[in-house]
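Trainee: I would like to learn how to read a model such as this one. Please take me through it feature by feature.

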Amino acid sequence: LEKKLSREDLARHLHLHPNYLDRAFRSTYGQTPLQVLRDLRLQRALQMLENTDETLDTIATRCGFEEAAYFCRSFRSRFGVSPGKHRQSVKSAKQGYSAP
């Protein structure tokens, strides 16, 4: 997920035309391959925010986002909250939970 991958790279790897790949993927999954890739990257980032103390820059890089600012915008767009606020709310919830 951390490697840069273009639509053309993916299509070339699968020996398909990029437009055909997009159409076939969209008809099957309802999204383009790059939309699915972005969602997978954001899901990985979500897990990292919840389970590690890595910086936002490190998480962005390890999840394939070239810039932390773009990662933050994408995260907020997908989850409705900034990555920092999400991490903070998860930490607060973990601290507030007491095992029976």
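Predicted model: local features only at pLDDT ≥ 70, side-chain atom pairs only at ≥ 80, totals over all residues.

**Reading the model**

Mentor: Start with the lining of the largest pocket: its residues divide into five nonpolar, two polar and five charged. Residues are numbered from 1 along each chain as its sequence is written, and side-chain values use heavy atoms, with hydrogens and water left out.

Trainee: What is the volume of the largest pocket, and which residues line it?

Mentor: First the idea. On a 1 Å grid over the protein atoms alone, a pocket is an open set of points where a 1.4 Å probe fits, with protein on both sides within 12 Å along at least five of seven lines; lining residues have an atom within 4 Å of a point. Grid points are joined across faces, edges and corners, and the volume is the space filled by probe spheres set on the points. Here the largest pocket has a volume of about 280 Å³. Its lining consists of Glu2, Lys4, Leu5, Ser6, Leu34, Leu37, Arg38, Arg41, Gly64, Phe65, Glu66 and Tyr70. Helix 3 gives the largest share of that lining, four residues. Helices are DSSP runs (H or I, at least four residues), numbered from the N terminus.

Trainee: Which residues make up the largest nonpolar core?

Mentor: In soluble globular proteins, nonpolar side chains tend to be buried together. A nonpolar core is a set of buried Ala, Val, Leu, Ile, Met, Phe, Trp, Tyr and Cys residues joined through side-chain atoms within 4.5 Å. Buried means under 20% relative accessible area, exposed over 50%, partly exposed in between (1.4 Å probe, protein chains only). In this model, the largest core has eleven residues: Leu42, Ala45, Leu46, Met48, Leu49, Ile59, Ala60, Cys63, Phe65, Phe71 and Phe75. Helix 3, helix 4 (56-62) and helix 5 (68-79) each give two or more residues to this core. The largest share, five residues, comes from helix 3.

Trainee: What does Leu42 touch, beyond residues up to four places away in sequence?

Mentor: Contact means heavy atoms within 4.5 Å. Leu42 touches Phe65, Phe71, Ser74, Phe75, Arg78 and Phe79, with residues up to four places away in sequence not counted.

Trainee: At what angle do the axes of helix 2 and helix 3 cross?

Mentor: Axes are lines fitted to C-alpha atoms, for helices over the stretch in contact, and angles run from 0 to 180 degrees between N-to-C directions. Helix 2 (residues 18-29) and helix 3 have axes that cross at roughly 65° and come within 8 Å. Leu21, Asp22, Phe25 and Arg26 of helix 2 meet Pro33, Gln35 and Val36 of helix 3. By class, the residues of this contact are four nonpolar, one polar and two charged.

Trainee: Is Val36 buried, exposed or in between, and what is its relative accessible area?

Mentor: Val36 is partly exposed, because its relative accessible area is 22%. Val36 sits in helix 3 (residues 33-51).

Trainee: Is Asp39 buried or exposed?

Mentor: Asp39 has 17% relative accessibility, so Asp39 counts as buried. Asp39 also lies in helix 3. Neighbours within four places in sequence aside, Asp39 is in contact with Gln31 and Arg78.

Trainee: Now the loops. Where are His15 and Thr32 found?

Mentor: His15 is in the loop between helix 1 (7-13) and helix 2. Its phi is near 60°, a positive value in a residue other than glycine. His15 counts as exposed because its relative accessibility is 74%. Thr32 lies in the loop between helix 2 and helix 3. Thr32 has a relative accessible area of 13%, so Thr32 is buried. Thr32 touches Asp22, Phe25 and Arg26, not counting residues up to four places away in sequence.

Trainee: How far apart in space are Leu56 and Pro83?

Mentor: Leu56 and Pro83 are 7.7 Å apart, C-alpha to C-alpha, and 27 residues apart in sequence. Leu56 belongs to helix 4. Leaving aside neighbours within four places in sequence, Leu56 contacts Leu49, Phe71, Cys72, Pro83 and Gly84.

Key: Nonpolar A, V, L, I, M, F, W, Y, C, P; charged D, E, K, R; others polar.
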